[in-house]
Amino acid sequence: LKAADGRWDASLKAWVFPFDGKEQVLKSVNREKLKVDDLAKVKLVVESCERGLLVSGETFPVKTMLREAGGTWDAKLKGWIFKDQSHGDLAKVLKGNADVASVEVKK
């Protein structure tokens, strides 16, 4: 587990890994048939804005997915802008990502 950049957290009584190495860690653990509780999931909010839909919340860990889904970062609004997408379609894409725990849609 140390080889995968993990560190033991005595207060959690668990190994903790950096988020950007999550995929590799899960593959390694699955090969060893160990039990894993994946608690590194984000909460996102989708709401309307002047330029389309704004996705905010804990976006940093899933920024690559948001960019690949057609979003552009807006530093002023501190969120990702999606043009020409409906609330439902965007929420479906976001919920389909294994790293997303919840998507709150505000209309």
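Helices (H or I, at least four residues) and strands (E, at least two) are DSSP runs, numbered from the N terminus. The figures show a predicted model, in which local features need pLDDT of at least 70, side-chain atom pairs count only at pLDDT 80 or more, and totals for chains, interfaces and linings use all residues. Residues are numbered from 1 along each chain as its sequence is written, and side-chain values use heavy atoms, with hydrogens and water left out.

**Figure 1. The chain as a whole.** Three helices and seven strands make up the secondary structure of the chain, and along the sequence they follow the pattern β-β-α-β-β-α-β-β-α-β. The radius of gyration, taken over C-alpha atoms, is 16 Å, well over the 13 Å that the globule rule (2.2 Å times the number of residues to the power 0.38) gives for 107 residues, so the chain is more spread out than a compact globule. The C-alpha trace spans about 45 × 25 × 20 Å along its principal axes.

**Figure 2. The largest nonpolar core.** A nonpolar core is a set of buried Ala, Val, Leu, Ile, Met, Phe, Trp, Tyr and Cys residues joined through side-chain atoms within 4.5 Å; buried means under 20% relative accessible area, exposed over 50%, and partly exposed in between (1.4 Å probe, protein chains only). The largest such core has 15 residues, and those with the most contacts inside it include Leu-44, Val-55 and Phe-82. At least two core residues come from each of β3 (42–49), β4 (52–57), α2 (63–68), β6 (79–82), α3 (87–95) and β7 (100–106). Leu-90, also among the residues with the most contacts inside the core, touches Val-46, Leu-53, Val-55, Phe-82 and Gln-85, not counting residues up to four places away in sequence. In soluble globular proteins, nonpolar side chains tend to be buried together.

Figure 3. Ser-56 lies in strand β4 and is buried, with a relative accessible area of 14%. Its contacts (heavy atoms within 4.5 Å), leaving aside neighbours within four places in sequence, are with Lys-43, Leu-44, Val-45, Glu-47 and Lys-78.

**Figure 4. Lys-13 in a loop.** Lys-13 is placed in the loop between β1 (7–9) and β2 (14–16). Although Lys-13 is not a glycine, its phi is positive, at about 55°. The residue is exposed, with a relative accessible area of 67%.

**Figure 5. Asp-84 in a loop.** The loop between β6 and α3 holds Asp-84. Its phi is near 60°, a positive value in a residue other than glycine. Asp-84 is exposed, with a relative accessible area of 82%.
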